[in-house]
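Work through the exercises below with the model open. Each task is followed by a stepwise solution.

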Amino acid sequence: MNTLNIALLAGDGIGPEIMNQAVKVVDAIANKHKLSIQYSTALVGATAIDKTGQPYPEETHQTCMKADAVLFGAIGHPKFDNDPNAKVRPEQGLLAMRKKLGLFANVRPVSVYASLLDRSPLKRERIEGADFVVVRELTGGIYFGQPRGRSEDGTKAFDTCVYEVYEIERIVKYAFETAMQRDKKLCMVDKANVLATSRLWRSVTDRIAEEYPEVVYSKMFVDNAAMQLIVNPTQFDVIVTGNMFGDILTDEASVLGGSLGLLPSSSVGKHTAIFEPIHGSYPQATGKNIANPMGMILSAAMLFDHLQMTAIGTEIRNAVEHCINKGVVTEDLAKPNEKTYTTTEIGDAVTQVINSSILI
Ligand code: IPM
Ligand code: MG
């Protein structure tokens with residue numbers, strides 16, 4: 001088999017710590033299955049700004065373009081969050097990367113592990129069995145629309161939400177295809193009672209839905225969806241939505257599983273796909289060896305799925321679940337007065353499960 005070239009973009013905050021754990025796990029898998037993997041590393045985010053002045057330097061882009069897949073840690077630093085006048089921001093790096101690689105579809109699976117049902121702030125009977133995927137549009141909408149900025153006198157600021165038909169078509173088709181592989185239910189979330197872009201989403205999605213008669217298709221306003229995710233999350237199978245709504249709803253959805261630190265994602269489209277946890281750089285935990293690396297490790301599992309190695313993806317997911325069932329979790333998921341494990345201990349534990357083939 002050919003060598004697999006994986007680009008590692010650890011980024012900021014807890015990014016490098018969790019990335020190390022994912023690499024440990026990928027190395028163990030590679031060893032076990034005799035896969036040849038070559039890593040290339042590149043700068044992104046605040047770290048890249050400090051070293052090169054750019055949050056997504058051209059060199060990093062070239063590294064991504066040449067790779068078979070990218071593992072991405074996190075981006076963001078408080079020194080930029082607290083400075084509204086900063087000209088260059090780390091998040092611009094992530095947005096530029098998604099745009100330049102043409103990664104229009106962000107896939108965020110949400111499910112609830114049986115042994116963590118009591119870790120969620122929500123009642124067990126509401127969340128038990130919840131298992132859905134949010135397909136978030138990733139390269140359009142209000143995060144990219146022009147014009148944007150501040151008036152010269154500083155009394156006004158503006159962002160623009162723009163969607164073109166082709167952008168809606170490709171993400172909606174992707175979501176229907178995803179639904180066809182799952183329970184054949186799709187809910188499109190928008191704000192069509194107020195926004196023109198949402199009304200365009202509705203007409204395009206209605207049209208595409210006709211090509212998928214087997215899929216039960218529904219529409220929901222985003223404010224209602226925010227509530228439904230909490231009161232009745234098991235009603236969802238695939239949710240398709242725009243960039244900002246998807247960003248917000250997936251942080252909300254992570255509450256079902258007990259921790260934001262558990263959720264992985266893949267971003268796919270034109271060029272090299274990226275696999276990243278949804279949580280962000282968690283500056284308060286940086287360097288403390290307490291961050292949950294499972295979202296990052298599960299993102300590596302999605303990477304193998306994407307490269308048509310689903311058995312390996314499943315093996316990684318099973319190893320993570322085994323650790324969760326045994327109570328080998330970081331402090332965000334531990335029960336009161338129970339032992340908690342460090343970031344590195346979780347990486348070691350998942351690796352050990354893989355090496356010892358406990359589940360195979
Ligand atoms: C995410 C993050 C990013 C986003 C930020 C860091 C730019 O919140 O991936 O969900 O808004 O897309
Ligand atoms: Mg987000």
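**Exercise 1. Domains**

Task: find how many residues of domain 1 are in contact with how many residues of domain 2.

Solution. Contact means heavy atoms within 4.5 Å. By that cut-off, 8 residues of domain 1 touch 10 residues of domain 2. The model is predicted: local features need pLDDT of at least 70, side-chain atom pairs count only at pLDDT 80 or more, and totals for chains, interfaces and linings use all residues. Residues are numbered from 1 along each chain as its sequence is written, chains are lettered from A and ligands numbered from 1 in the order written, and side-chain values use heavy atoms, without hydrogens and water.

Domain 1 is 1–104 + 283–360, and domain 2 is 121–257. Finally, take the centres over C-alpha atoms: 25 Å separate domain 1 from domain 2.

**Exercise 2. The largest pocket**

Task: describe the volume and lining of the largest pocket.

Solution. Start with the terms. On a 1 Å grid over the protein atoms alone, a pocket is an open set of points where a 1.4 Å probe fits, with protein on both sides within 12 Å along at least five of seven lines; lining residues have an atom within 4 Å of a point. Grid points are joined across faces, edges and corners, and a volume is the space filled by probe spheres set on the points.

- Volume: about 1,100 Å³.
- Lining: 34 residues, with Arg-89, Glu-91, Gln-92, Leu-95 and Arg-148 nearest the centre of the pocket.
- Elements giving two or more residues: β3 (69–74), α5 (90–100), β6 (149–150), β7 (157–158) and α10 (243–257).
- Top contributor: α5, with 5 residues.
- Classes: 14 nonpolar, 8 polar and 12 charged.
- Domains: at least three lining residues come from each of domain 1 and domain 2.

Helices (H or I, at least four residues) and strands (E, at least two) are DSSP runs, numbered from the N terminus. Ala, Val, Leu, Ile, Met, Phe, Trp, Tyr, Cys and Pro count as nonpolar; Asp, Glu, Lys and Arg as charged; the others, Gly among them, as polar.

**Exercise 3. The second largest pocket**

Task: where does the second largest pocket lie?

Solution. Take its volume: about 800 Å³. List the lining: 26 residues, of which Pro-109, Val-133, Arg-182, Met-302 and Asp-305 lie nearest the centre. Elements giving two or more residues include β4 (105–111), α7 (165–181) and α12 (310–325). Sort by class: 14 nonpolar, 6 polar and 6 charged. Both domain 1 and domain 2 give residues to this lining, so the second largest pocket lies between them.

**Exercise 4. Helix α9**

Task: why do the buried residues of α9 line one face of the helix?

Solution. Buried means under 20% relative accessible area, exposed over 50%, partly exposed in between (1.4 Å probe, protein chains only). In α9 (222–231), Val-222, Ala-225, Gln-228 and Leu-229 are buried. Viewed down the axis, these residues fall within an arc of 105 degrees, so they line one face. That arc is taken from the directions from the helix axis to the C-beta atoms. The partners of the buried residues are β5, β8, β9, β10 and α10.

Terms used
Domain bounds come from an automatic or database domain assignment.
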